[in-house]
Amino acid sequence: MAKKTTPAKSQKPAPRKRPTKVKAEQIREMVLPLILRMMNQGGMHAYHLDAVASKLDLKIGHITYHFHRKESAVMTLWERYITEYRNLERGFTEAADLRQVFVFNLNFLRLNYKYRGVVMFRGGDLAAIANNKVRELSIDDQQQAAIREAIDLLTRNGYLIDQAPKNLTDTVAMQYDLALRWGLNAAYHLYTPHNVGAKLEHMALVALHALYPLLTEKGRNEFAKLAEEVEAGTFQAELAPIDPDTLPTPPPKIRKNARVEGATGKKPRTPARKKAETPAKKKAEAPVGKKADVPAKRRGRPRKV
């Protein structure tokens, strides 16, 4: 008799790999640099949330969870721009010279170039300008205060004329502010879009040249050295990053009901609401010796026999 062959045991299938879950904050930090690059290339009309989702291979719900409208993402980028500008404003020291002020000019222009799509959109929309002032997200007052501080420090350190007429100082400060604020726009008119990033040093020097009527002999010599270094391409300093991928990370938000370290273990329970006590319905009791009233039956049609 033929031996019975036992069927071979089937091999167990390999366990499925669970899809890696991407945290919400990681998606947010993936989306913002891409939106900034798209805006820098073609402005506000160049990007849509659907295109952002398809380029990152995400669902549209992953995007709208953070930004329900495209303007919300632009507003978040503008807040990052304000954060970087406020860090940039702290660059002056008591021993400030023309070189330090020139570095401030250059870093400011590099920051505007990094956020150029957002800056030009927010700067050209009247409603956005008004909203910035209401929400204290405007840099106008801080920029003018920084320029006044630079002029005072340069005067104290002997680079600008002391006791200059006030109207001349105010005119120079206004021209300096305009040259610095609109330097990026002027660069796009003077150079091709691909060469603007390489010409920011020249525009920073043009802004510094607005101070020339107030420069002393010491200041003019320092300005001539800076101009030679810029023309020769040998100027070196610690500059702000210009890559859109280098966005500042916001501080973590603290929830209202978050647990505090060092507190006792369990989260306190909220007391449950008590139900309103309703008086119980009492059954109608028949008096002693009498039967309870029984409701009469409905009289219907007599049945046919």
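This is a predicted model: local features need pLDDT of at least 70, side-chain atom pairs count only at pLDDT 80 or more; totals for chains, interfaces and linings use all residues.
Local features need pLDDT of at least 70, side-chain atom pairs count only at pLDDT 80 or more, and totals for chains, interfaces and linings use all residues. Residues are numbered from 1 along each chain as its sequence is written, and side-chain values use heavy atoms, without hydrogens and water.

Helices are DSSP runs of H or I with at least four residues, numbered from the N terminus. The expected span is 1.5 Å times one less than the number of residues.

| Helix | Residues | Length | End-to-end C-alpha distance | Expected span |
|---|---|---|---|---|
| α1 | 24-42 | 19 residues | 27 Å | 27 Å |

Buried means under 20% relative accessible area, exposed over 50%, partly exposed in between (1.4 Å probe, protein chains only). The buried residues of α8 are Gln-143, Ala-146, Ile-147, Ala-150, Ile-151, Leu-153 and Leu-154. They sit on the same side of α8, because their arc around the axis is only 165°. That arc is taken from the directions from the helix axis to the C-beta atoms. Exposed Asp-141 and Arg-156 are on the face turned away from the buried side.

In α1, the buried residues include Arg-28, Pro-33 and Asn-40. Gly-43 follows α1, with a positive phi near 85°.

Lys-114 belongs to helix α5 (residues 98-114). Lys-114 is buried, at 0% relative accessible area. Its side chain makes a 3.1 Å polar contact with that of Glu-84. A polar contact is a pair of N or O atoms within 3.5 Å; within protein, one must be able to donate a hydrogen and the other to accept it, and residues adjacent in sequence count only if both atoms are side-chain atoms.

Note on methods. Helices (H or I, at least four residues) and strands (E, at least two) are DSSP runs, numbered from the N terminus.
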